Amino acid sequence: EVFNYVYTAFEKFATQCNEPCGLVLNNNAKYFIKYWKQHMWQKPKYTIGVSKTFSNSFTQEKFGYSGSVEVNTIGSHKATTPLSIMVAVRSQRYHHVSMQVFGMYIRMEGVAEKVVDKIKEFVFSGKFEFEKLKEVLFTNMNIRQRPTVPAKLDLVFMMRGNVVFEYHLVDTEITGIMGKLRDYLNQVTNMQDIFKFNKHFSLAWDMFLYEQPTDFGVPMAYASGANSVLGLLGEVRKDIGIQGEVDFRMHLNTDITDMMMVIHPDQKIRFSVQQDRTFKHQIKSAVTAV
């Protein structure tokens with residue numbers, strides 16, 4: 001696990017150079033990884049359960065900005081699924097400013113085993129002999145059984161480097177939620193009604209303000225921001241079982257504003273050049289479940 005994470009970190013630093021202060025790190029990583037590949041005692045793995053890190057980025061040299069998506073995964077030899085996953089969306093401007101736009105962290109230690117146990121309860125009604133299957137696998141075939149890991153679930157959302165949502169669950173709470181989810185699914189299956197919904201969600205994306213002095217003594221400022229609004233409107237007609245019809249419309253509007261301005265310090269007058277861009281998307285669909 002440690003080797004895999006360290007090697008993929010060196011590989012990320014050697015192939016991605018979008019960070020303004022990462023040029024020296026990029027050159028050093030290229031130097032070391034060139035010799036590391038020649039004397040490697042084992043090969044790195046990129047499967048879902050092992051510890052690793054990677055990044056995908058783009059760079060616009062002409063206008064001096066870039067963006068990246070970084071993924072960090074922490075695994076364990078005691079579990080097939082990763083213990084935690086962290087995703088960060090970052091933007092870089094003017095070759096010297098870097099900021100986080102959006103981030104998400106999920107820790108799900110021992111959750112996979114709990115989910116599998118509940119799926120077995122949902123699907124099978126005691127007719128499948130799991131004990132006999134375990135005897136064949138772990139006794140007759142000498143397959144080593146991994147110890148049970150206590151379940152822990154953490155969910156964290158970040159915006160511009162600040163935590164905006166945080167939720168934690170432990171072993172007993174996860175089991176209780178799965179039980180409530182099973183009861184809710186049973187109630188929905190036997191439900192027959194018509195539901196109407198009209199929901200709107202808004203999210204403010206990258207908001208940036210950069211100010212610097214000019215040669216004639218008046219400060220110049222550049223501001224950039226974006227907002228997205230998602231609207232869901234429709235109707236659900238639910239029949240007995242999983243039969244039903246869904247008629248919905250989805251609207252997605254994104255407004256992006258860029259402004260460059262000069263402020264007169266004495267007269268309190270602002271002279272600005274502003275650009276507004278609006279992107280509109282609409283989806284209308286009807287789905288029938290039988």
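A crossing is left-handed if the near helix is turned anticlockwise from the far one by less than a right angle, and right-handed if clockwise.

**Basis.** I am reading a predicted model, in which local features need pLDDT of at least 70 and side-chain atom pairs count only at pLDDT 80 or more, while totals for chains, interfaces and linings use all residues. I number residues from 1 along each chain as its sequence is written, and side-chain values use heavy atoms, with hydrogens and water left out.

**Whole chain.** I looked up the elements and found 5 helices and 11 strands. Helices (H or I, at least four residues) and strands (E, at least two) are DSSP runs, numbered from the N terminus. Of the 290 residues in the chain, buried ones make up 27%. Buried means under 20% relative accessible area, exposed over 50%, and partly exposed in between, with a 1.4 Å probe and protein chains only. I then looked up contacts, meaning heavy atoms within 4.5 Å. Among those with a separation of 6 or more, 57% are between residues 24 or more positions apart.

**Helices H1 and H2.** Axes are lines fitted to C-alpha atoms, for helices over the stretch in contact, and angles run from 0 to 180 degrees between N-to-C directions. The crossing of H1 past H2 is left-handed.

I listed the residues that meet: from H1 they include Phe3, Tyr7 and Phe10, and from H2 they include Leu25, Ile33 and Trp36. By class, this contact of H1 with H2 has 11 nonpolar, 2 polar and 3 charged residues. Ala, Val, Leu, Ile, Met, Phe, Trp, Tyr, Cys and Pro count as nonpolar, Asp, Glu, Lys and Arg as charged, and the others, Gly among them, as polar.

**Asn26.** Glu11 is 15 residues from Asn26 along the chain, and their C-alpha atoms are separated by 9.5 Å.

**Six-stranded sheet.** I traced an open sheet of 6 strands, antiparallel in its pairing, in the order E1-E2-E3-E4-E5-E6. Strands E1 (52-60) and E6 (162-169) are at the edges with a single partner strand each, so one side of each has no neighbour in the sheet. From one strand to the next the twist averages 10°. E1 pairs with E2 (residues 65-74) over 9 bridges in the antiparallel sense, and two strands count as paired if DSSP finds at least two bridges between them. Ser57 stands opposite Ser68 in E2. H1 packs on this sheet, touching E1 and E2, and its direction makes about 10° with that of E1.
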